[in-house]
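Let us read this model together, one feature at a time. Ask as we go.

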Amino acid sequence: MSFDIAKQSIDYILSNPELFNEPSVEFDFIGGEPLMEVKLIDRICDYLKSQMYKRNHKWFNSYRFCFATNGLLYSSKDVQEFINKNHTHLSIEITIDGTKAKHDLNRIYKDGRGSYEDVVKNIPLWLEQFPDCGTKVTISHADLPYVCESVMHLFSLGIKVVNINVVFEDVWVDGDDKIFETQLLNLADKIIDNNLYENCVCSFFVENIGKPMDQILDNGNWCGSGKMLSIDAAGNFYPCTRFAQYSLREKKCVIIGNCVDGIDSNKLRPFLTLDRTTQSPQKCIDCEVASGCAWCQGENYDAADTDTIYQRSTAICKMHKARVRANNYYWNKLFRKLELEGRREEYNATHKKQTEKPC
Amino acid sequence: MLKYLIIPLANDAVSFCHYERGNASDRLIDIDMLKKAIFWAMTENVNVQFVYPDKEMPSEYKPVIDTIDHAKIVSSHCEDKVLTDEADIVVFDGWNDLDAFKCQSGKSYVVRTDKSGLFDNADVFKSLFPKLDRLVVVITDIDKFQESDFQKYEALLNAMIPIIKEEYGKGHSLHFNLLTDRMFLDKMNNCNAGDETITLAPDGKFYICPAFYLDGSKAVGDMETGLDIKNRQLYRLDHAPICRKCDAWQCRRCVWLNRKTTLEVNTPSHEQCVVAHIERNASRRLLEEIRTLGEFLPENEIKEIDYLDPFEIIKQ
């Protein structure tokens, strides 16, 4: 992205507060690897801050710059200068997949070397600067045998929050749900038996998932697409980066405007009126463990029989049900243990009830 | 449930709706395909509407067409004047020739016009209303309406209220889609392409409507394999989040325009919603005016509302 495209996009966004009327904002820089362009990002952030100040914009002092990075450049001089300059408005998430073996399966240099050692050496500095930040892990078919050991490894590195989910694409084969459930049951045992639940969180275990959902009261959309403007390097606008051409397998990209002409609000209407039941097949509406079952609007679109965002993909159905069973086990085991130790009330008072975090 | 089959008999069959007519060509529907389509319509128990090109149909087609009860949609410029006389719906492209055309009672006349043609020809309505029983105006560029156009449109409809009232006062139950349809309705009455209506195009394949055929959309089946409408539920009202909350029941709810403007067949554009609500609100005023003449549709009430786009309610 050129600075000029970024500037035009910022000017458009800040000049149209009626279109962007949230009280706060996150500017999320997505790569490839965003920190490779930290100087450009620094210039963009400076422009944003100065413009928010000059315009007396409501987002001034109510904004965050967010990054998901592979962590390789984290300790570099340029990145550290950027962090020091913007620290109070920064959220940085380093993605590390788990153990060295697991991480180096996919995250490799051009010459084939694994990147684990170079990432992990930056973890202490990152945790020192952002002790509350978590990491994001995505599980696909090949990763299933490593789920338990990967999460435990991340906890052992000092990472306290592991946000983790299975991919929404249809990569699953018969039996994957059983492997997944076994991994999660093992993980539940390890977290509880080692008292890790006191300080650590794995987002697979959420107390209130796995319940039927009311067709009227629980009818919101899961996915936030349409409410998070995404801008590509050419200045095209998307309802989410998953609708850009490089993110799609089968379908044409969905462009909802650009930094010169602005947003075509008609193209946003389907996203903003989308609800759970209208896009769901009957089996999802009737599902007795529906709550917490997520979807990605971009994947729904990509996998749909027609060019629509209104056909929910159910590729993760069995995986969700496996998660619910393990999740039930986790909470039953944890609460029984706390009761036997007379610590249930203390736990309830000191631990915020986790809720599933929509996209 | 499918109720209607539209059969454009040629690529350049007259457009009676928002889409532009196809290029003139000699591509007629194959006569054997036409026979199959008629047989299909009989077995599926659907009503057939034939849409004619301007050029006279070859004589061998006429007896085939007459093997099924049907409605005829014909252009005012059709070479076959007997056919025009027999037509159930006569379509005018623009306002030329309307004044001179000899309208018949009991017949529907469709005028396709862009917004500027509509605003420039408001006076033509005055002369038309006494001469015909049903006038359908199709605005071909609704998607291009801007704020100033909405205001002009509202003023135009308001100006027609006393003229239509006068017709009703004379005992002439004129039907004019933009103003009277809503008064008579107690539920949604839309185009329903893809749900109740399907089109068999001259290439022998099914399409959601003629517009989907002409813009190169994928077919939704053919005579051999039958209908195969993917995501068919999205053409139904209950799967249209904005429309199912709406009471502009006269709205055409054009799924082709929806897809063109919002990329989804079940989501109307802001412009389509506002235009429909301007009509709805004008119908409300017309209903009140006609009631000053005496009892009229006592069961039908059109509530006063404070929005022109139901999307605003959903957002709230």
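A: Start with pairing: two strands pair if DSSP finds at least two bridges between them. Strands are DSSP runs of E, at least two residues, and helices are runs of H or I, at least four residues, each numbered from the N terminus. Here A:Val25 stands opposite A:Tyr63 in β2(A).

Q: How many bridges join β1 and β2 of chain A?

A: Five bridges join β1(A), residues 25-29, to β2(A), and the two run parallel. This is a predicted model, where local features need pLDDT of at least 70, side-chain atom pairs count only at pLDDT 80 or more, and totals for chains, interfaces and linings use all residues. Residues are numbered from 1 along each chain as its sequence is written, chains are lettered from A and ligands numbered from 1 in the order written, and side-chain values use heavy atoms, without hydrogens and water.

Q: How many residues of strand β2 of chain A are buried?

A: Buried means under 20% relative accessible area (1.4 Å probe, protein chains only). In β2(A), residues 63-69, five of the seven residues are buried.

Q: What does the secondary structure of chain B come to?

A: Chain B has 11 helices and 11 strands. Of its 316 residues, 57% count as buried.

Q: Which radius of gyration does chain B have?

A: The radius is taken over C-alpha atoms, and the globule rule is 2.2 Å times the number of residues to the power 0.38. Chain B has 20 Å, which agrees with a compact globule of 316 residues, because that would have a radius near 20 Å. Along its principal axes, the C-alpha trace of chain B spans about 55 × 45 × 35 Å.

How values were computed: Buried means under 20% relative accessible area, exposed over 50%, partly exposed in between (1.4 Å probe, protein chains only).
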